[in-house]
Structure formats: structure tokens, C-alpha cells
Amino acid sequence: MFHDRARLIAVAGRGGDGSIHFRREKYVPRGGPDGGDGGDGGDVVLVADPRRRDLSGFRPNQKLRAGRGGGGGGRLSNGARGDDAVLDVPVGTQVFEGDELVADLAHVGARVVVAGGGAGGSGNKHFAGPSRQTPRFAEIGLPGQEREIELRLKLLADAALVGLPNAGKSSLLTRISNARPKVAEYPFTTLSPVLGTVEAPDGRQLVVADVPGLIEGASEGVGLGHEFLAHLERARVLVHVIDSSEDDADERWRTIDAELAAYGAGLDERPQIVVLNKIDLRARAGSIAGEAGDARPEDLAPAFGVEDARIVRVLRVSAATGEGLDELRKTLFELVPQEGEDEPGESADEIVDFLVYRPQPARRAFRVYRTERGFRVTGTPPAEDQLEAILRAAGARAGDEVEVGEELLEWE
């Protein structure tokens with residue numbers, strides 16, 4: 001089953017603790033502090049991988065944990081950085097935190113850090129000075145960031161088939177591409193998007209998406225309309241498939257076009273190829289379908305209630321007999337811009353397809369030091385439950401002294 005949504009909890013690695021250590025060598029009885037720093041915690045990273053097709057491999061509320069930074073050692077040896085948790089996601093995956101879009105992985109190899117690792121603590125070498133030559137404390141590492149994120153996949157396709165249920169979109173995709181979607185004689189046969197590759201004689205390829213049938217009210221979420229319409233946003237051309245065996249082809253076109261306009265995201269301005277399918281089921285097709293043979297789109301567009309150039313071609317085809325399919329393939333390659341070409345009327349400001357998101361590093365409003373008797377907290381202490389979690393992660397044990405400002409507490 002195709003999955004285009006997933007919820008994950010990203011937990012970055014905690015920074016390693018700084019070391020309390022003093023130089024001890026023969027003939028150097030009073031060596032100074034040489035405790036090294038702890039390593040930074042690992043990040044949680046998402047990478048766009050073209051080999052992944054959907055989000056079905058993720059468990060609900062799956063936790064991704066990065067590695068903890070290594071602790072510092074003597075002789076100024078620093079701890080190792082924690083291992084990153086790297087997760088491969090399909091190209092076109094968007095990352096949300098709540099309702100905020102924080103990243104859009106629209107290109108192969110795009111990477112984003114969704115949770116940053118905690119900073120490693122400083123060793124006691126950093127705290128030595130003229131008035132404090134033997135510091136017997138070191139800083140502990142900060143916790144890594146923890147975020148609950150939602151992944152939403154928007155398919156990247158050159159063209160997308162759109163229309164009412166049972167218009168013959170799946171049959172059409174089967175005939176023009178290498179896709180093999182389920183085909184049957186009843187509505188809503190296609191329950192999830194299907195991608196197919198169309199090949200030209202010169203070796204050029206196009207990706208065409210078959211989106212489940214839309215119904216009136218789809219723009220308001222009826223019939224999972226929002227989820228299906230989202231997959232149309234990145235298609236360069238919409239292929240509007242209409243069952244021409246019925247008399248109301250123009251009304252069917254208006255129904256779906258109204259949903260595209262209501263949904264927004266520029267779908268009502270996207271170029272459309274109107275495909276009048278199932279011409280084999282009726283020797284004399286409806287008034288509009290019958291006129292579509294070699295007519296120009298500007299002549300037929302008024303019949304669909306539009307006067308602009310959105311309808312760039314009107315074709316009569318039969319997925320059953322194959323009539324008109326060669327012309328449809330030719331039209332797709334003619335109208336879909338090749339990689340690197342700019343689409344007319346499209347500017348970088350209109351379609352933002354890649355956002356760089358870097359979580360802000362945690363600022364040290366407070367510092368926690370490990371001492372010979374326990375821990376000391378300086379600065380503005382965090383909330384009690386947060387401080388307890390930090391100390392517990394740092395290895396606090398019963399009986400340890402915890403000095404917070406002028407208060408001296410005992411860990412229980």
C-alpha cells in the first residue's frame with residue numbers, strides 16, 4: 001500500500017561530558033589539569049533518496065536516535081562525535097513540525113538536519129587560571145534536540161492524470177507507460193497514486209502520475225481530496241482525462257476544474273491537456289468529444305468555459321483500442337519542458353521547491369559542572385523536570401551533592 005504520511009520522533013545524541021583529569025607523570029608530581037572535552041552528540045538527518053518510492057517503511061511514531069558523544073579523557077584527549085542517525089526518504093518529502101513547513105527535500109541528495117546533537121562539555125583544562133590552578137570540576141554535555149515531525153510526500157512528476165473516478169486514467173497509464181496499476185470496471189479502483197515512466201524513441205523519459213479519482217468537494221477534503229490534490233502540485237502539466245462516452249463532457253471538466261481552483265497552489269493556472277477517453281464506446285461521441293479530432297485548443301476551450309491558454313491541447317483517445325495514444329505520447333514530450341528548461345511564466349519566487357532548515361543550536365543559558373562531590377549548576381537554571389533529566393542522563397546517583405546557586409541539594 002502507498003503511504004504518503006508518517007510521524008517520527010527525532011532524538012539527537014547527547015554531548016559527551018568533559019573530563020576531570022590532572023597530569024600525572026614521573027618527575028611531574030604537580031602536573032596541571034589536562035581533562036579533554038566531550039564530543040558533540042550526533043544529529044538526526046533526512047536524505048532524499050531516489051530509490052525510495054513512499055513512506056511505507058516507517059512505523060507509527062517511530063523514534064530515530066542519534067549516537068551520544070564520547071566523554072573526554074586525560075592528556076587533553078577529546079571524546080568522539082556521536083554517530084548521526086541518517087534516514088533515507090523519497091524525493092519530494094516535506095518535513096513539518098506542527099503546521100510549520102521546515103524543509104522540502106525536492107532534489108536527489110538533498111539533506112536536512114531535523115534535530116541537532118547536544119554540545120560536548122568542556123574538560124577541566126578550560127577552567128584553570130592564575131587564581132584556580134587545580135579545577136576539580138568539568139562541564140557535562142548538553143542533551144540533544146528532540147522533535148516530533150511529520151513527513152508528507154508530494155510526488156514529483158512531469159505530468160499528472162486527473163479526472164473523475166472511472167474516467168480511464170489507470171488504463172491510459174498502463175498503455176503509455178511501464179506502470180501496471182489495478183484496472184477494473186468500477187469507480188475508485190485506484191486508491192493510491194501510481195507512477196509510470198513514458199519513454200521516447202530518442203531515449204528521453206517522462207514520469208507520469210495517476211492520481212486517484214477526484215469528486216466534487218475534493219478541495220474541502222471530501223474523499224481524501226486534500227491528500228490526492230497535494231500530489232498534483234509539482235506536476236508541470238495536468239492531463240485532464242474525461243469519459244467521452246457520456247454527453248456531459250464539458251460539465252465533467254468544469255467539476256474538476258472548480259476543485260483545482262478551490263484547492264489553490266496554482267493548480268487552476270497549470271497547463272492542461274484535455275484527453276477525451278473511451279471514444280471506442282460511442283461511434284458518435286458527445287458534441288464536444290466529436291469535434292476534438294484535429295481542432296485547435298483555442299476553438300474548443302470556450303466549450304469548456306475558459307477563454308485563456310490553459311487548455312494547450314485537446315485529444316481524442318481510446319485506452320482500449322490504442323487510438324490516439326501515439327499522439328498523446330508525442331504531445332507529452334512536446335509540452336513538458338526538458339530538465340533545465342524554464343517553464344513559461346514560472347519564476348523562482350512562485351515555486352519554492354527546496355528549503356534549507358537548520359535547527360538553532362541550544363544556547364547555554366545555564367551550565368552544569370561535574371565536581372568531586374556531585375554537580376554544580378550556574379546561570380539561569382532550567383525547569384526542575386528538565387534539570388532532573390539532565391542530571392539523570394549525566395549519571396547522578398543517590399547522595400550526590402547538587403549545588404544550584406546558593407542552594408546545596410542532595411540527589412535522591
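At 41% relative accessibility, R81 is partly exposed, a class lying between buried (under 20% relative accessible area) and exposed (over 50%), as computed with a 1.4 Å probe on protein chains only. D84 is likewise classed as partly exposed, at 34%. R81 and D84 form a salt bridge in which the closest N and O atoms are 2.7 Å apart; the term denotes a side-chain nitrogen of Lys or Arg within 4 Å of a carboxyl oxygen of Asp or Glu. The structure is a predicted model, in which local features need pLDDT of at least 70 and side-chain atom pairs count only at pLDDT 80 or more, whereas totals for chains, interfaces and linings use all residues. Residues are numbered from 1 along each chain as its sequence is written, and side-chain values use heavy atoms, with hydrogens and water left out.

The count of salt bridges comes to 19. One of these joins E25 to R23, with 3.3 Å between the closest N and O atoms. E25 is partly exposed, with a relative accessible area of 37%, and R23 is partly exposed at 38%. Another salt bridge is formed by the side chains of R136 and E372, at an N to O distance of 3.3 Å. This pair links distant parts of the chain, 236 residues apart: R136 belongs to the loop between strand 7 (111-115) and strand 8 (137-139), and E372 to the loop between strand 17 (366-371) and strand 18 (374-379). R136 is partly exposed, with a relative accessible area of 37%, while E372 is exposed at 59%.

Of the 412 residues of the protein, 50% count as buried. The secondary structure consists of seven helices and 20 strands; helices (H or I, at least four residues) and strands (E, at least two) are DSSP runs, numbered from the N terminus. Among contacts (heavy atoms within 4.5 Å) between residues at least 6 apart in sequence, 72% join residues at least 24 apart.

In soluble globular proteins, nonpolar side chains tend to be buried together. A nonpolar core is here a set of buried Ala, Val, Leu, Ile, Met, Phe, Trp, Tyr and Cys residues joined through side-chain atoms within 4.5 Å. The largest such core has 40 residues, and those with the most contacts inside it are V44, L46, F58, V95, V114, L151 and L232. At least two residues of this core are supplied by each of strand 1 (5-11), strand 2 (44-48), strand 4 (85-89), strand 6 (100-105), strand 7, strand 9 (146-153), strand 10 (159-162) and helix 3 (249-263). Another core, of 23 residues, lies apart from it and includes L172, A319, L328 and L332.

Helix packing was examined for helix 1 (residues 169-176) and helix 6 (residues 325-335), which meet at an angle of about 80° with their axes 11 Å apart. The axes are lines fitted to C-alpha atoms over the stretch in contact, and angles run from 0 to 180 degrees between N-to-C directions. Helix 1 is therefore roughly perpendicular to helix 6, a description that covers angles of 65 to 115 degrees. L172, R175 and I176 of helix 1 make the contact with L325, L328, R329 and L332 of helix 6. By class, this contact has five nonpolar, no polar and two charged residues. Ala, Val, Leu, Ile, Met, Phe, Trp, Tyr, Cys and Pro count as nonpolar, Asp, Glu, Lys and Arg as charged, and the others, Gly among them, as polar.

Several loop positions were also characterised. S122, in the loop between strand 7 and strand 8, is buried at 19% relative accessibility. Residues up to four places away in sequence aside, S122 touches G18, D37, F127, A138 and E139. G31 occupies the loop between strand 1 and strand 2 and is buried at 10%. Beyond neighbours within four places in sequence, G31 is in contact with F22, R23 and R24. G31 and T134 are 103 residues apart in sequence, with 9.2 Å between their C-alpha atoms.

Most residues other than glycine have a negative phi. R75, however, has a positive phi near 55°, and L76 has a positive phi near 60°. R75 lies in the loop between strand 3 (62-65) and strand 4 and is exposed at 69% relative accessibility. L76 is placed in the loop between strand 3 and strand 4 and is partly exposed at 47%.

Notes. Parallel < 35°, antiparallel > 145°, perpendicular 65-115°, else oblique.
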